[in-house]
Amino acid sequence: MELTDNTVSENPHQRMLDEKWPLPPMDPKRARFPCCIVWTPLPIVSWLAPFIGHVGIAKEDGTILDFAGSNFVNVDNFAFGAVARYIQLDREKCCFPPHLAAHTCKNNYEHAEYGTALTWDDALRSSTQNFQHKSYNLFTCNCHSFVANCLNRFSYGGTMRWNIVNLAVLILFKGKWVNHGAVVRSFLPFIVVLCAGIIVAGWPTVIGLASFSLLLIGWFVFVSYFAKNLIEV
């Protein structure tokens, strides 16, 4: 039978998956950041290295999920305070294949083995179930690990190489500040610690803080690229 102009020639299930729900507006007052990676400073750690903080990822309705402790993923209760920075991701850059032949990314078999999802929220649900059985460790299995795991389930941007380092770089250079108060809240403690240290101990304070930051960066680069078996993603 010939197809007419009114005949549907594509799989209706696939068409339904391709038609993504429109996202609700951003609403910082209600802590709603649809399809965003969100960031907030960490007590003490961010006072010494202000570029390091706590991250989470939001569902399509804007509800934030974050890995905040062993066997525990927060839902709509972002740990360590209000969101300071965010970056909204593009769902069109995600791969949600209903079967192996429908992959839109180049990682077909690797993506299927890692664990795929049919929707954004489905991927977050899978990562949440996974991390509810993991022990939290700042150096090997932390909030960045959880978000990177979600991005790998999306095969976001066509890659499954998301880790702590490139996720942190993405937030650092692409993240938007919620407001001016968020900037002050993120950097003021560091400035106070730096100035107090210089007054009390002199310029060695600068060397100490720089060394602390370099050690953290060095560790995460090492485990992310050279000792992947030591870190959870």
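Me: A patch is made of residues with over 30% relative accessible area and no salt bridge, where like charges are joined within 9 Å and nonpolar side chains (Val, Leu, Ile, Met, Phe, Trp, Tyr) within 5 Å; which residues form a nonpolar patch on the surface here?

Reply: This is a predicted model, in which local features need pLDDT of at least 70 and side-chain atom pairs count only at pLDDT 80 or more, while totals for chains, interfaces and linings use all residues. Residues are numbered from 1 along each chain as its sequence is written, and side-chain values use heavy atoms, with hydrogens and water left out. The patch consists of Leu 138, Phe 139, Trp 219, Phe 222, Tyr 225, Phe 226 and Leu 230, which together have about 680 Å² of accessible area (Shrake-Rupley method, 1.4 Å probe).

Me: Why is Leu 230 called partly exposed?

Reply: Leu 230, which lies in the segment after α8 (204-225), has a relative accessible area of 41%. Buried means under 20% and exposed over 50%, with partly exposed in between, so Leu 230 counts as partly exposed.

Me: What makes α7 oblique to α8?

Reply: Helix α7 (residues 180-201) and α8 pack at an angle of about 135°, with their axes 8 Å apart. Angles under 35 degrees count as roughly parallel, over 145 as roughly antiparallel, 65 to 115 as roughly perpendicular and the rest as oblique, and therefore α7 is oblique to α8. The contact (heavy atoms within 4.5 Å) involves Phe 190, Leu 194, Gly 197, Ile 198 and Ala 201 of α7, together with Pro 204, Thr 205, Val 206 and Leu 209 of α8.

Me: How do you know that Arg 91 forms a salt bridge with Glu 60?

Reply: A salt bridge needs a side-chain nitrogen of Lys or Arg within 4 Å of a carboxyl oxygen of Asp or Glu. The closest N and O atoms of Arg 91 and Glu 60 are 2.8 Å apart, so the pair qualifies. This pair links distant parts of the chain, for Arg 91 is in the loop between β5 (85-88) and α3 (108-114), Glu 60 is in the loop between β2 (53-58) and β3 (64-69), and the two are 31 residues apart. Both Arg 91 and Glu 60 are buried.

Me: How far apart in helix α4 are Asp 122 and Arg 125, and what separates them?

Reply: Their side chains meet in a salt bridge at 3.2 Å, N to O. Because they are 3 residues apart in helix α4 (residues 120-131), about one helical turn separates them. Asp 122, at 23% relative accessibility, counts as partly exposed, and so does Arg 125, at 45%.

Methods: Helices (H or I, at least four residues) and strands (E, at least two) are DSSP runs, numbered from the N terminus. Buried means under 20% relative accessible area, exposed over 50%, partly exposed in between (1.4 Å probe, protein chains only). Axes are lines fitted to C-alpha atoms, for helices over the stretch in contact, and angles run from 0 to 180 degrees between N-to-C directions.
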